[in-house]
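Please read each point alongside the model shown below.

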Amino acid sequence: MEATANHTQIVTGWAGKDSSGKVTPHVFKRRENGPEDVTIKVQFCGMCHTDLHYLKNDWGITMYPIVPGHEITGIITKVGLNVTNFKVGDRVGVGCIYASCLNCEFCEASEENYCDQVQFTYNGIFWDGSITYGGYSEMLVANNRYVVRIPESLPLDAAAPLLCAGITVYSPMKHHNMFQAGKKLGVVGLGGLGHVAVKFGKAFGLHVTVISTSPNKEKEAKERLNVDGFIVSTDPKQMQAASRSLDYIIDTVSAKHSLGPILELLKVNGKMVLVGAPDKPVDLPSFPLIFGKRTVSGSMTGGIKETQEMLDVCAKHNIKSDIEIVTPEYINDALARLARNDVRYRFVIDIASKSKL
């Protein structure tokens, strides 16, 4: 196929071949490093809930074989002739976005995530017509426009999930002006996204409450993450006691649920942002919206410029993901544990460990 004539670099990775949700070793080809590209030796890759959705074809759009992974950190090994902002040896990251049209209002404003031709780091179609393969692999070639620098004070392993989980909560918090000390933030779901939202809230001086279906998470939320409040969403008394108490809510839950009871926790004029992606529609009753003049919106990752800003904020406030590092051989076990939320709070694959063996 002409579109992939320059795809000559043989790479080892881990791919899903069917909807079983499992990966196996996979050898494939990546393009040569072009004039605008950088080549990255992948060191670490976070495991996002989205990886699970794609591997299982939950959304009906998976192109097999699929190499997941969009929380990628590593070291640049080659730079193209026209690349001036990176050099060999730089510590960098690639998140969810791999390509966009570069000409629309969103690309021009560095909101590439909302370009209607945006292509993702895996299961996308690149400019040359090839299917994109993600960070569950030893090496990646990326256009420098979509690469960010990892600040020196952030370790590459704990920084990896920030490239998806971090920007996914940072972007709406910034957009809705939530970074106001003393305001009250609710975080629904204490997983990969939720725990980072808590950390941003605490760093900016907000009063942070976790809303969870799991009573057993209260101790860890308070002791490990220093949250100010904890509400068990299945306990009607706790929910009633917290009625109209929150200014903002970030809902990170990726399973189908009703927004009605959660909306009641917002003050009048309160704002809720959905950042999880349930595969079935959530329930949104009208009364809690109308009677509280509340707003529900969505948000998807963030642009490249904002992702760099988020990383710099994380470096300044020493915000890192809480991670459990796994070797490539353990990916399938980690995926199974991720499906039942058995991780505190993000698995990160030590891709480079394979080359150390």
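1. Over residues 16-349 the chain is 25% helix and 25% strand, with its end C-alpha atoms 16 Å apart. Helices (H or I, at least four residues) and strands (E, at least two) are DSSP runs numbered from the N terminus. The UniProt annotation "domain: Enoyl reductase (ER)", from an unreviewed entry, covers residues 16-349; such annotations may be inferred rather than shown by experiment, and their positions follow the numbering used here, with feature names shortened.

2. This is a predicted model, in which local features need pLDDT of at least 70 and side-chain atom pairs count only at pLDDT 80 or more, while totals for chains, interfaces and linings use all residues. Residues are numbered from 1 along each chain as its sequence is written, and side-chain values use heavy atoms, without hydrogens and water.

3. Cysteine 48 lies in the loop between strand E3 (37-47) and helix H1 (49-55). Cysteine 48 counts as buried because its relative accessibility is 4% (buried means under 20% relative accessible area, exposed over 50%, partly exposed in between; 1.4 Å probe, protein chains only).

4. Beyond its neighbours within four places in sequence, cysteine 48 is in contact with His70, Glu71, Cys164, Leu338 and Arg346 (contact means heavy atoms within 4.5 Å). Leucine 154 is 106 residues from cysteine 48 in sequence, and their C-alpha atoms are 19 Å apart.
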